[in-house]
Amino acid sequence: MTSMTGYAYKEISTETSRIAVEIKSVNSRFLDLNINLPPYLSQLEIRFREKITERILRGKVDVNIRIYNFSGNEKITADTKAAMSCMSAIKEIAAALGKNENDIPLSFIVNQPGVLNVEQEYDADVYWKTILPVFSEVFETFNADRVREGINLCRDLSEKLAVLDDAAAFFKAWQPKMEVLFKDIITRKFHELLGEAVDEQRIMAETASMLVKYTINEEIVRLHSHLSALRSEIEHNVAPGKKIDFLCQEINREINTIGSKNQFAEVGSMVVTAKDALENIREQARNVE
């Protein structure tokens, strides 16, 4: 089990560049992956995406990769026609102003837009080989952070599941007591109304009618089944988040039904305890991948 939340960052300097990689994630129903690269390395996005999706199934994941070049392969070309046009225009202005054209420095011409063109050459494969070791290290740290948090989540989920197991056992133990309690209640009411002229068969019939209406045996059976499935998901599924959410809905339905049929304070108190534990599980499940 792993958490959907994690964070890792590292920055290194090479002979030519400074590379910074940051990976962070928060909860999301599905995988929402955003990879931020310098525009000139956008072709590498698919490679990073493949690396990430091999190990992450859910969560909003933001990957930021920054490259700060100390030096690069630059190709500088001169546009002599643009330089001549620029010089001609400047001479015309100088003549109009009565200035000496020889006072115009060459650097002024060179710095005009379009006279010198600088092109940066980027070799994506070279950058990939440079970035990959840093990215891999950060990605491992990020996943280790998710696993560490996942261990804490698993421990907490198991504790809350134990509370639900106790509640289910309590409900099961109460089921046979209900027949006796219902019979006692009905017998007492009949005696209050009819005195000693009580028909035992009528009492049994009324008791059976109440048991049909208020029995929770089916709910208990389904509750035990759902709890067993939930425990299996928590203990064996590496990414149980969606299944846990589904099972919690089913468990909640059974507990609600038990609560609606309940006629006894002891059972009602345990229903509240079970619903509280289940709500904690549902909250934690939102953090589970």
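Contact here means heavy atoms within 4.5 Å, and helices are DSSP runs (H or I, at least four residues) numbered from the N terminus. The model is predicted, so local features need pLDDT of at least 70, side-chain atom pairs count only at pLDDT 80 or more, and totals for chains, interfaces and linings use all residues. Residues are numbered from 1 along each chain as its sequence is written, and side-chain values use heavy atoms, with hydrogens and water left out.

**Helices H6 and H7**

On the H6 side (residues 217-236), the contact comprises Glu219, Arg222, Leu223, His226, Leu227, Ala229, Leu230, Glu233 and Ile234; these meet Lys243, Ile244, Leu247, Glu250, Ile251, Glu254, Ile255, Thr257, Ile258 and Lys261 of H7. By class, the residues of this contact are 10 nonpolar, two polar and seven charged. H7 spans residues 241-261, and the two helices pack at about 155° with axes 9 Å apart; the axes are lines fitted to C-alpha atoms over the stretch in contact, and angles run from 0 to 180 degrees between N-to-C directions. H6 is therefore roughly antiparallel to H7 (over 145 degrees).

**Aromatic pairs**

Seven aromatic pairs occur in the structure, counted for rings of Phe, Tyr and Trp (its six-membered ring) with centres within 6.5 Å.

| Residue | Relative accessible area | Class |
|---|---|---|
| Phenylalanine 170 | 23% | partly exposed |
| Tryptophan 174 | 9% | buried |

Elsewhere, ring pairs link Phe48, Trp128, Phe135, Phe139 and Phe142 into a cluster.

Methods
Angles under 35 degrees count as roughly parallel, over 145 as roughly antiparallel, 65 to 115 as roughly perpendicular and the rest as oblique. Ala, Val, Leu, Ile, Met, Phe, Trp, Tyr, Cys and Pro count as nonpolar, Asp, Glu, Lys and Arg as charged, and the others, Gly among them, as polar. Rings of Phe, Tyr and Trp (its six-membered ring) pair if their centres lie within 6.5 Å; planes under 30 degrees apart count as stacked, over 60 as edge-to-face and the rest as tilted. Buried means under 20% relative accessible area, exposed over 50%, partly exposed in between (1.4 Å probe, protein chains only).
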